[in-house]
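User: I've got a structure on my screen and would like to talk through how the chains are put together. Can you take me through it step by step?

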Amino acid sequence: MGIKVLIITILLSLGAIAQNPLFRSSATFSNGFMKDEIRPIYIGGFLEYFPIKNIGIRGDGYFSITDGSDAKKFTSNHQVFAGINKYFDLGGNFQPYIGFQPGLAYFVPEDSVLRGNELVSAESSFNPLMSLNAGAVLWVSDYFNFFGEVKYVKGSALGNSQVRYLDEIRISLGLGFHLSRK
Amino acid sequence: MRIIAFMISVSLSLGSFAFSNSSPEPPDSTDATISIYYYPKRAGSFELGVRNTYSFFSHAEESVGEGVGGQFRIGLFDRVNSEWFFDYIKTNISDVGKRVDYHIGWSIMYYPFLPKKGWQPYIVAGHCFDLTKISALENPYFEYSADATRWSGAIQGGIGVHRYLTDYFDISLSAQYMQHLGTPLGYEILGSGLGRMLYISDHEHTNENHLLLNISANYKIGQLWGSKY
């Protein structure tokens with residue numbers, strides 16, 4: 001009974017007028033899928049400003065807390081992004097969007113590297129990234145929304161050892177906060 | 001459980017309907033659905049953008065360089081725009097070395113056509129200052145290090161296109177050929193197999209030219225002079 005009421009209410013919400021937010025933000029956990037069965041987990045957050053309706057200028061930050069693999073590949077893969085999302089009006093409170101965000105990764109490999117017979121630590125590096133976003137927001141009130149997003153990240157890390165590929169599919173889900181235009 | 005679900009439902013409904021009543025449409029000037037001519041008033045417009053750059057070198061040993069950067073644009077005339085950019089590009093050299101390029105420069109864009117909507121092609125040419133660093137990666141088979149740094153200038157030119165999604169926001173694609181000027185920074189890859197190493201040399205790969213592909217997202221944030229419309 002309770003679940004049915006909840007579902008009906010959400011469906012009713014979908015028929016309401018689309019949101020016209022000014023700011024949107026969230027902080028959540030994000031899961032990544034990389035090659036070699038690396039499954040990193042991040043604490044991620046973003047702040048998005050809507051200068052005009054359906055265009056969001058957004059900055060993201062991701063703090064990696066584990067690379068999620070048995071053989072540790074890296075200790076840090078923190079990333080920041082800045083770019084733009086384009087939202088689409090479907091006539092309800094549900095809005096899909098796509099976006100493009102260049103970014104930068106601070107990457108610290110886990111392993112050391114051999115220099116002849118000497119073991120030296122692999123150095124950290126800053127590395128360019130490209131990312132594409134596809135997601136959707138369900139605006140459920142004046143201040144809160146639910147969102148889901150898939151982010152494709154492309155890049156590679158070059159320090160003092162072999163290249164590490166940072167290509168990744170990242171999924172974020174959560175509760176977001178927003179302020180609307182009045 | 002039912003009570004909690006009911007309360008959540010009521011809250012969601014209230015929030016939804018409350019918003020419906022309290023969120024007027026934005027003024028026309030901020031409404032992306034209102035079409036405004038963008039090109040006749042390019043003069044004086046100021047745009048900010050972020051971009052990715054992909055660098056294709058003439059060196060067979062180098063992979064495609066991946067870069068990130070940003071730019072701002074100042075519209076000079078209706079058919080002429082200027083772009084001021086910064087790029088940070090890293091390139092893998094056959095898994096034995098890396099190349100890092102920092103570009104800071106400017107370009108002039110000329111619009112031969114002035115379509116009112118959609119795609120807008122342009123011709124672009126300009127100049128940049130360039131800092132390049134080449135260094136060898138660590139090698140497990142022998143102790144060796146090599147690195148070199150060079151400051152230089154470069155000229156670039158090519159074509160591009162804007163795709164306006166609103167009057168304020170565009171995605172741009174461009175392809176430019178860049179010719180570095182000044183002292184060449186060369187290298188060779190010596191040896192074979194696991195024994196390969198990067199050797200700094202002036203005798204190889206001294207033709208410092210590359211093809212740069214850019215994709216950028218840009219937002220017009222204001223008007224420096226003249227009116228917006």
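User: Let's start with Ser55(B): which residue is its bridge partner in β2(B)?

Analyst: This is a predicted model, so keep in mind that everything here is computed from predicted coordinates. Strand β1(B) is joined to strand β2 (residues 65-75) of chain B by ten bridges, and the two run antiparallel. Within that pairing, the partner of Ser55(B) is Gly65(B).

User: And on the β10(B) side, what does Thr53(B) pair with?

Analyst: Strand β1 (residues 45-57) of chain B also pairs with strand β10 (residues 209-223) of chain B, antiparallel, over 13 bridges. In β10(B), the residue bridged to Thr53(B) is Asn214(B).

User: Moving on to β3(B), which residue there is the bridge partner of Gly67(B)?

Analyst: β2(B) pairs with strand β3 (residues 80-93) of chain B in the antiparallel sense, over ten bridges. Look across from Gly67(B) into β3(B) and you land on Ile89(B).

User: What is the overall pattern of chain B along the sequence?

Analyst: Chain B has one helix and ten strands. Buried residues are 38% of its 229 residues. For contacts between residues at least 6 apart in sequence, 61% join residues at least 24 apart. Read along the sequence, the pattern is α-β-β-β-β-β-β-β-β-β-β.

User: Now chain A: what percentage of its 182 residues count as buried?

Analyst: Chain A comes to one helix and eleven strands, running α-β-β-β-β-β-β-β-β-β-β-β from the N terminus on. Among its contacts between residues at least 6 apart in sequence, 58% join residues at least 24 apart. As for burial, the share is 43%.

User: Which residue of chain B is in the largest nonpolar core?

Analyst: This core has ten residues in all, including Phe74(A), Phe107(A), Met130(A) and Leu158(A). The elements giving two or more residues to the core are β5 (94-109), β8 (125-139) and β9 (144-157) of chain A. In general, nonpolar side chains tend to be buried together in soluble globular proteins.

User: Which residues of chain B does Leu158(A) touch?

Analyst: Leaving aside residues up to four places away in sequence, its contacts in chain A are Ser125(A), Asn127(A) and Val163(A). Over in chain B, the residues it touches are Lys90(B), Asn92(B) and Lys98(B).

User: Where do β5(A) and β8(A) meet: what is the bridge partner of Leu104(A)?

Analyst: β5(A) and β8(A) pair in the antiparallel sense over 14 bridges. Follow Leu104(A) across into β8(A) and its partner is Pro128(A).

User: And what stands opposite Ala136(A) in β9(A)?

Analyst: β8(A) and β9(A) form a hairpin with four residues between them. Eleven bridges join the two strands, which run antiparallel. Opposite Ala136(A) you'll find Gly148(A).

User: Is Pro109(A) buried or exposed?

Analyst: Pro109(A) is found in strand β5 of chain A, and its contacts beyond four places in sequence are Phe74(A), Ala122(A), Gly159(A), Ser161(A) and Arg164(A). Its C-alpha atom is separated by 8.6 Å from that of Arg164(A), 55 residues apart along the chain. The cut-off for burial is 20 or more other C-beta atoms within 10 Å. Because Pro109(A) has 23 of them, it counts as buried.

Notes: Residues are numbered from 1 along each chain as its sequence is written. Chains are lettered from A and ligands numbered from 1 in the order in which they are written. This is a predicted model: local features need pLDDT of at least 70, side-chain atom pairs count only at pLDDT 80 or more; totals for chains, interfaces and linings use all residues. A residue is buried if 20 or more other C-beta atoms lie within 10 Å of its own, exposed if 12 or fewer, and partly exposed in between; C-beta atoms are placed from the backbone. Two residues are in contact if their C-beta atoms, placed from the backbone, lie within 7 Å. Two strands pair if DSSP finds at least two bridges between them. A nonpolar core is a set of buried Ala, Val, Leu, Ile, Met, Phe, Trp, Tyr and Cys residues joined through C-beta atoms within 7 Å.
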